[in-house]
Amino acid sequence: MKIIEKIKTNKSIDNQTEIQKICLDKLQSTPLPNLKSEQWRLSNKSKLSDFLDYSVNEKDPKFDTPFPKTSQSTIRLVIGENCQINLIKENFAIKQLSEDQLVKYIKEQISCFDQNENWSDLLNLSLNCAKNTLGLKISGSEIPPIEIFSHASSNTLNAKTLVICLEKDCDIDLLQVNLGKDNSSLSQSTFFFLEENSSLNHGVVSYGENKSNLLNSLNVIQQKNSEYNLGSLHYKFSYARFEIRIKQSEGNAKTNIKGMQISKKDEQISTYTKIDFNGPNGFLDQINKSLADDKSHAIFEGSIIVPKIAQKTNASQLSRNLLLSNLTQIDTKPQLEIIADDVKCKHGATISQLNEEELFYMRTRGITLTEASKLQLSSYFQEIISFIPVSKDRWDLLDILLNEN
Amino acid sequence: MQSKMKESDPILEVENLYASTDNLPILKGVSLTVYPGEIHAIMGRNGCGKSTLSKIIAGHPSYNITNGDIKFLGENINSLEPEERAQSGIFLGFQYPIEIPGVSNLEFLRVSTNARRKFLNKEELDTFDFEELVKEKLEIVKMDHAFLSRSVNQGFSGGEKKRNEILQMALLEPKIAILDETDSGLDIDALRIVASGIKKISNAQTGIILITHYQRLLDEIEPHYVHVMSDGQIIKTGESDLALELEKKGYEWTDNFIKEN
């Protein structure tokens, strides 16, 4: 109830939006997620409580990103910073969704919410005001890469919402960066709607600082013949929870997901995915890698739902986990729920340590154990990092950040 | 030839070496001395301890030396880490070279070469200088430049992996190279390329230990000494004709030798 009171008494939310009111109403009945439910039972209660402990902030924190802007053509948007865009070119258009369109779209989404499963979204939308919501409608081809930043400021709880509709035949590369600050919480909810024949190469890079927390929820609806590719990386958060919900609404769509989470110290980083095939001939190739060190806790829970209508679905989900310490905890549960009888679905999980024979091979070439371990770890990352649509310069930056680990 | 070699100090001395893994004794008193310019061949049945001996000399952490010494250039190296042994000039060519997905072969070779160069007080090479050096060494094993951009050994055929091992040997310029069944899985042409590469790299200052099952590699590279191993011991040492005799008579002949002794 504390969070409800906090939202209600937040002076900056004097004029609650329609969306805020709807979500707040829903939250009244479930102020906190059911911590005994499958989706939340492994969540660290004290860390979740820390997440909610900060006061709600709607002011624009100072934006200070280490991501260099390397290309003139890249479009960079920062949610909350008077983010306005209306770009109409010969081959493409990026238009801001009007408030009515945005409200209509989000209301449609809310109507499908499961109170417990979408608790992060309900929290996000009840906290968020119009200023921290970015809605875009994108059409055309040869669109320059887009970068969208969400960031928190110290000692506050920040909520950012992103809604993007990709029109028919549209094809884009989009990098989303979520930045945590010292002692902060960031709630990020993202909604994508991919129309027929559209394609989205989506990168999510989330990294925090000391005692920063993140609730990152991603909701994707794919129409037929659309392709959604996601490469993600989450690290340096005291508590981070990445929820991915993808619905292939008519089947005949393609989804590729390559995710990576790195946890150290006493951090808890988790990824929950739900892929819903709602039509035939759907395709999924998913790999989630975690690297867990010290006393950290890495969680992966994935579910693939293949109802009777989703015949000829071809889906694969693999969870690979690397344990670097004997105090680390890893929980992984890839799951299939299959009703259709003509499908090809597989899932698997591995938990291992650094490969001793690879290390010995490198050492017999004069490479020290530390260097060999670094090389091995960077090769473990590479499959995922190379899937994130970022330019070479950003690659170098990611390398530096990862080498700090 | 033999006496000339022995005018200098030995490169490698294995003295009454006993070793085990998981409390299982594998080596039971192996002694072997290699002088500069010498080529030694070690033959023996599967499981007799040949590969274990090579791994122990290279410093594999899974094996414990329970007795005896390994001396390299006069210094006891029993407690040295594998990378320290490699940097100082011990090279192990693997029977099954390890694949390292995601690590570029070129970068791996450059890091390895620079580690050795650093030990030799030579200037470390940047990417461009290294490319020049590696281009020259690729010729030795007739390898295509395209192999450098792949991950280490990933997607390489058996022969390509072995050639990559010899390329590494050429770049690291070791004092002693222990080549563990480098001939296995090679067709006749690949065997000749690998053998010719080994001959080009070896010289009067280096030592080579060839671990093999077959005479065919020794037809290409004639050893000065042939040792036969059985049950963790060297049971017979001879010159190159010992390998021919072994080829003719088979390992049962060595069983008889053990009984006789």
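**Exercise 1. Determine what share of the contacts in chain A, between residues at least 6 apart in sequence, joins residues at least 24 apart.**

Solution. In this predicted model, consider the contacts in chain A between residues at least 6 apart in sequence; 84% of them join residues at least 24 apart. Of its 405 residues, 45% count as buried.

**Exercise 2. Describe the order and pairing of the open sheet of 9 strands in chain A, and identify its edge strands.**

Solution. Begin with the order, which is S2-S6-S8-S10-S12-S14-S16-S18-S20 in chain A, with parallel pairing. Next, look for strands that pair on one side only: these are strand S2 (75-78) and strand S20 (344-352) of chain A. Neighbouring strands of the sheet are turned against each other by 10 degrees on average, direction ignored. For one pairing in detail, take strand S10 (residues 199-207) and strand S12 (residues 227-235) of chain A, which are joined in the parallel sense over 9 bridges. Within S12(A), the residue opposite A:Asn201 is A:Asn229. Finally, place the helix: H7(A) lies across S12, strand S14 (254-263), strand S16 (283-292) and strand S18 (314-323) of chain A, and runs at about 145 degrees to S14(A).

**Exercise 3. Explain why strand S11 (residues 212-222) of chain A counts as largely enclosed by the rest of the structure.**

Solution. Burial here requires 20 or more other C-beta atoms within 10 Å of the residue's own. In S11(A), 11 of the 11 residues are buried, so the strand is largely enclosed by the rest of the structure. Now separate the two faces. A:Ser212, A:Leu214, A:Asn216, A:Leu218, A:Val220 and A:Gln222 point one way, A:Asn213, A:Leu215, A:Ser217, A:Asn219 and A:Ile221 point the other way, and all are buried. Then consider the strands paired with S11(A). Strand S9 (residues 184-194) of chain A runs parallel to S11(A) and is joined to it by 11 bridges; A:Ser189 has A:Ser217 as its bridge partner in S11(A). Strand S13 (residues 239-248) of chain A also runs parallel to S11(A), through 10 bridges, and A:Ile221 finds its bridge partner in A:Lys247 of S13(A).

**Exercise 4. Characterise the crossing of helix H2 (residues 18-29) and helix H5 (residues 119-127) of chain A.**

Solution. The two axes come within 7 Å and cross at roughly 135 degrees. That angle makes H2(A) oblique to H5(A). The crossing in which H2(A) passes H5(A) is left-handed. On the H2(A) side, A:Ile19, A:Gln20, A:Cys23, A:Leu24, A:Lys26 and A:Leu27 meet A:Leu122, A:Leu123, A:Leu125 and A:Ser126 of H5(A). By class, the residues of this contact are 7 nonpolar, 2 polar and 1 charged.

**Exercise 5. State how many residues each chain brings to the contact between chain A and chain B, and which helix gives the most on the side of chain A.**

Solution. Chain A brings 17 residues and chain B brings 19 residues. Helix H6 (356-363) and helix H7 (369-385) of chain A each supply at least two residues of the side of chain A that touches chain B. H7(A) gives the most to this side, with 7 residues. The residues of that side comprise 6 nonpolar, 5 polar and 6 charged.

Conventions: Residues numbered from 1 in each chain as written. Chains lettered and ligands numbered in written order. Predicted model: local features only at pLDDT ≥ 70, side-chain atom pairs only at ≥ 80, totals over all residues. Buried ≥ 20, exposed ≤ 12 C-beta atoms within 10 Å, placed from the backbone. Contact = placed C-beta atoms within 7 Å. Helix = DSSP H or I, 4+ residues; strand = E, 2+ residues; numbered from the N terminus. Nonpolar A, V, L, I, M, F, W, Y, C, P; charged D, E, K, R; others polar. Axes fitted to C-alpha atoms, helices over the stretch in contact; angles between N-to-C directions. Parallel < 35°, antiparallel > 145°, perpendicular 65-115°, else oblique. Left-handed = near helix turned anticlockwise from the far one by under 90°. Pairing = 2+ DSSP bridges.
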